[in-house]
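Here are a few notes to read alongside the model.

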Amino acid sequence: MNETFNLYERIALLCQERDITVRALERLCGFGNATIIKWNQKIPSGERLIKVADYFNVSVDYILGREIPYEMGEAYLSLVKEAQMDGIDPEDLRMALKTIRKLRGISS
């Protein structure tokens with residue numbers, strides 16, 4: 001994400017990355033329709049920012065653009081956490097990595 005994005009754009013991009021609409025996010029967070037788009041003109045309450053940050057599993061500072069987005073290590077850690085939450089066995093991850101290496105012609 002680019003630091004020049006405003007609050008709404010940052011949230012919209014997170015929605016896009018997670019394949020969810022802003023409107024669906026508003027419903028999940030218990031907000032009224034068009035609440036988040038209004039954040040273009042008005043900073044929301046801390047409570048609302050926390051709800052959005054918690055949904056995306058990022059910090060409020062990240063939502064506000066005060067934190068560097070996606071450290072490479074965090075991206076990998078996020079994928080491992082996702083696999084764990086889906087009940088994917090570590091051995092299956094190793095097998096997937098082996099397959100990717102083979103497809104890319106990378107020797108292990």
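1. Start with Leu25, Leu28 and Cys29 in α2, which meet Lys51, Val52, Tyr55 and Phe56 in α3 (contact means heavy atoms within 4.5 Å). The residues of this contact divide into six nonpolar, no polar and one charged; Ala, Val, Leu, Ile, Met, Phe, Trp, Tyr, Cys and Pro count as nonpolar, Asp, Glu, Lys and Arg as charged, and the others, Gly among them, as polar.

2. The model is predicted, with local features needing pLDDT of at least 70 and side-chain atom pairs pLDDT 80 or more, while totals for chains, interfaces and linings use all residues. Residues are numbered from 1 along each chain as its sequence is written, and side-chain values use heavy atoms, leaving out hydrogens and water.

3. The axes of helix α2 (residues 22–29) and α3 come within 10 Å and cross at roughly 110°. α2 is therefore roughly perpendicular to α3 (the term covers angles of 65 to 115 degrees).

4. Now look at helix α1 (residues 7–17), which packs against helix α3 (residues 46–56) at about 25°, their axes 11 Å apart. These two are therefore roughly parallel (angles under 35 degrees). Leu7, Ile11, Leu14 and Cys15 in α1 meet Leu49, Val52 and Phe56 in α3. That contact has seven nonpolar residues, no polar and no charged.

5. Finally, visit helix α6 (residues 90–104), whose 15 residues reach 21 Å from first C-alpha to last, close to the 21 Å expected at 1.5 Å a residue. Aspartate 89 caps its N-terminal end, with a side-chain oxygen 2.8 Å from the backbone nitrogen of glutamate 91. Just after α6, glycine 105 takes a positive phi of about 75°.

Key
Helix = DSSP H or I, 4+ residues; strand = E, 2+ residues; numbered from the N terminus. Expected span 1.5 Å × (residues − 1). Polar contact = N/O pair within 3.5 Å; in protein donor to acceptor, adjacent residues only side chain to side chain. Axes fitted to C-alpha atoms, helices over the stretch in contact; angles between N-to-C directions. Parallel < 35°, antiparallel > 145°, perpendicular 65-115°, else oblique.
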